[in-house]
Amino acid sequence: QVHIFDAKDLRERFDRSYAARRKAGHTIPVGRGMWVSLYHPDSDDPVNRVGGGIGLDHPPINTVPLDEPTASGSSSTRPPVMPPTSQGTAAGEDDNFEPLTIPEAKVRLARTLGVDPGSIKITVEA
């Protein structure tokens with residue numbers, strides 16, 4: 001679920017949650033993250049629900065699947081969308097282009113996708 005939250009509202013929820021946890025005797029180490037529930041309504045009981053419900057108050061603007069089934073039926077995580085690094089630059093132009101070998105491409109794709117390089121198959125059609 002993709003949401004857009006107002007920063008002021010979100011900070012206020014975190015501040016109320018932090019204060020409630022401290023009041024309840026919770027120890028919150030410096031640098032440790034703190035969760036505020038998206039989908040549990042704001043409630044004083046239990047204390048970890050204080051400030052919650054922001055996902056209920058601000059409906060999602062989109063839904064993006066994290067895993068998609070492949071043709072074989074297994075799941076694979078989609079790679080992150082990366083912004084283009086150079087626009088309109090073709091291979092061979094003076095842009096410090098270095099060719100990428102198929103084995104190097106397999107390793108880089110495997111790292112991006114979080115899979116074993118042996119499971120990567122590359123087909124090149126000209």
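**Close-up 1. R13 and D9 sit together in helix 1 (residues 7-23), four residues apart, or about one turn of the helix.** This is a predicted model, so read the distances here and below as computed from it. R13 makes a salt bridge with D9, and their closest N and O atoms are 3.1 Å apart. Buried or exposed, these two residues? Both R13 and D9 are buried. Across the structure, the salt bridges come to four.

**Close-up 2. R16 pairs with E12 in a salt bridge.** Here the closest N and O atoms are 2.6 Å apart. Once again we're in helix 1, with R16 and E12 four residues apart, about one turn of the helix. How accessible are the two partners? R16 has a relative accessible area of 31%, so it counts as partly exposed. E12 comes in at 35% relative accessibility, which also makes it partly exposed.

**Close-up 3. R16 also meets D42 in a salt bridge, side chain to side chain.** The N to O distance is 2.8 Å. Where does each partner of this pair lie? R16 is in helix 1, while D42 belongs to the loop between helix 1 and helix 2 (54-57). D42 has a relative accessible area of 38%, and so it is partly exposed. As a bit of background, side chains of opposite charge can pair when their charged atoms come close.

**Close-up 4. V115 is found in the segment after helix 3 (102-113).** Now for a spot away from the salt bridges. Which residues does V115 touch, if we skip its neighbours within four places in sequence? V115 is in contact with A110 and I120. Its relative accessible area is 36%, so V115 is partly exposed.

Technical notes: Residues numbered from 1 in each chain as written. Predicted model: local features only at pLDDT ≥ 70, side-chain atom pairs only at ≥ 80, totals over all residues. Heavy atoms only, no water. Helix = DSSP H or I, 4+ residues; strand = E, 2+ residues; numbered from the N terminus. Buried < 20%, exposed > 50% of the residue type's maximum accessible area, 1.4 Å probe, protein only. Contact = heavy atoms within 4.5 Å.
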